[in-house]
Amino acid sequence: MNKELAQLLGLLFTDGCVSRKGRNGWRIYFVNKSKSLVKLFRDCMVKVFGLDKERIRIGKRADGFLKAVVNSKEIGNYLVTMFGGFRTLKFRNGKLPNIKLPISKLQKNDCATEFLKVIFSCDGGLCFYSAYRTGKQGGTRWLIRTVFLACSHPQLRKSYSRLLKELGIQTRNVSGDGKIKIETERDIKKFYKLIGFLPGVKITDHSKYWRGYEKEQVLKLMIFSYNNPSKFYNLPKFHLR
């Protein structure tokens, strides 16, 4: 296990897959809107397996997502033999696939932070906005700050929480939302120091306030806001409807 393999595994466990192609072949692919993440997939495949980058076909789907695809019996056999399956969605019969993260390998080789950085860059996000409540003595304003990881698979959420806990980061596993949430000042600052987000990865259109901003940029603003909360209470973006 090294940095590049840990990053590749993070990509495959989120927006990638290793699926059968024909009787004996395998198809390794990654789908995402981020050019930075697709480039990382290509670079990891080149560095880990010594591939010519021309073997990794990159294109754009009709829905606007980018895809990177490699067909390789040898690489597929290695990945599924060493790490099992990468499917995280339910089967047609409603059952969840059995997923086991290589936690001991990641920890033994000091690759857990690189793995989690990719996981959060793909499926993680931030809630950062100003809230207001009216009371008898007037109004109170405060900032909502949360770093979250969206993951519908309960076994995976448990494993991610374990990895974070062993790095000293406490989380809340919210099964109803299908999310792991990091909510305290101490833990958010520790997440920023140890993990963070990959450069160039932007917040999606699902965000009301921060779409188009880089995730790491917003995380830095969130950290800065602990010392200067009043500077953020009345940002114009928090008052748009």
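Predicted model: local features only at pLDDT ≥ 70, side-chain atom pairs only at ≥ 80, totals over all residues.
Residues are numbered from 1 along each chain as its sequence is written, and side-chain values use heavy atoms, with hydrogens and water left out.

Strand β1 (residues 16-21) runs antiparallel to strand β2 (residues 25-32), and six bridges join the two; strands are said to pair here if DSSP finds at least two bridges between them. Strands (E, at least two residues) and helices (H or I, at least four residues) are DSSP runs, numbered from the N terminus. Three residues separate β1 from β2 in a hairpin, and in its turn G22 has a positive phi of about 75 degrees. Strand β2 is also joined by six bridges to strand β4 (residues 66-71), again in the antiparallel sense, and V31 stands opposite K67 of β4. Strand β4 in turn pairs with strand β3 (residues 57-60), antiparallel and over four bridges, with R57 standing opposite V69 in β4. The hairpin of β3 and β4 has five residues between the strands, and G64 takes a positive phi near 95 degrees there.

A positive phi is also found at a residue that is not a glycine, namely D110, where the angle is about 55 degrees. D110 lies in the loop between α4 (103-108) and α5 (112-123), and it counts as exposed because its relative accessibility is 67%; the classes are buried for under 20% relative accessible area, exposed for over 50% and partly exposed in between, computed with a 1.4 Å probe on protein chains only.

In soluble globular proteins, nonpolar side chains tend to be buried together. In this model the largest nonpolar core has 67 residues, and those with the most contacts inside it are F41, F115, V147 and Y160; such a core is a set of buried Ala, Val, Leu, Ile, Met, Phe, Trp, Tyr and Cys residues joined through side-chain atoms within 4.5 Å. When neighbours within four places in sequence are left aside, Y160 is in contact with F13, L101, F115, L116, I119, L149, C151 and I180, where contact means heavy atoms within 4.5 Å. C151, one of these partners of Y160, is itself buried, since its relative accessibility is 10%.

A search of the whole structure finds zero disulfides, a disulfide being a pair of cysteine sulfur atoms within 2.5 Å. C122 is in no disulfide, and the nearest cysteine sulfur, that of C44, is 11 Å away. C122 counts as buried because its relative accessibility is 12%. For C151, the closest cysteine sulfur is that of C122, and because the two sulfurs are 12 Å apart, they are too far from each other for a bond.

The aromatic residues form a further theme. A pair of aromatic rings is described by the distance of the centres and the angle of the planes. The structure holds 13 aromatic pairs. F191 and F197 form one that is edge-to-face, with 5.6 Å from centre to centre and 65 degrees between the planes; rings of Phe, Tyr and Trp (its six-membered ring) pair if their centres lie within 6.5 Å, and planes under 30 degrees apart count as stacked, over 60 as edge-to-face and the rest as tilted. F191 is buried, with a relative accessible area of 0%, and F197 counts as buried at 2% relative accessibility. Elsewhere in the chain, F128, W210, Y213, F224 and F232 form one aromatic cluster. Rings also meet charged groups: K33 lies over the face of F65, at 5.2 Å from the ring centre, and K179 lies over the face of F148, at 4.3 Å from the ring centre. A charge is taken to sit over a ring if NZ of Lys or CZ of Arg is within 6 Å of the ring centre and within 35 degrees of the ring normal.

L5 has its place in helix α1 (residues 3-14) and is buried, with a relative accessible area of 6%; apart from neighbours within four places in sequence, L5 is in contact with V48, Y78 and F83. L167 is found in the loop between α6 (154-166) and β7 (172-174), counts as partly exposed at 23% relative accessibility, and touches T113, L116, K190, L194 and I195, not counting residues up to four places away in sequence.
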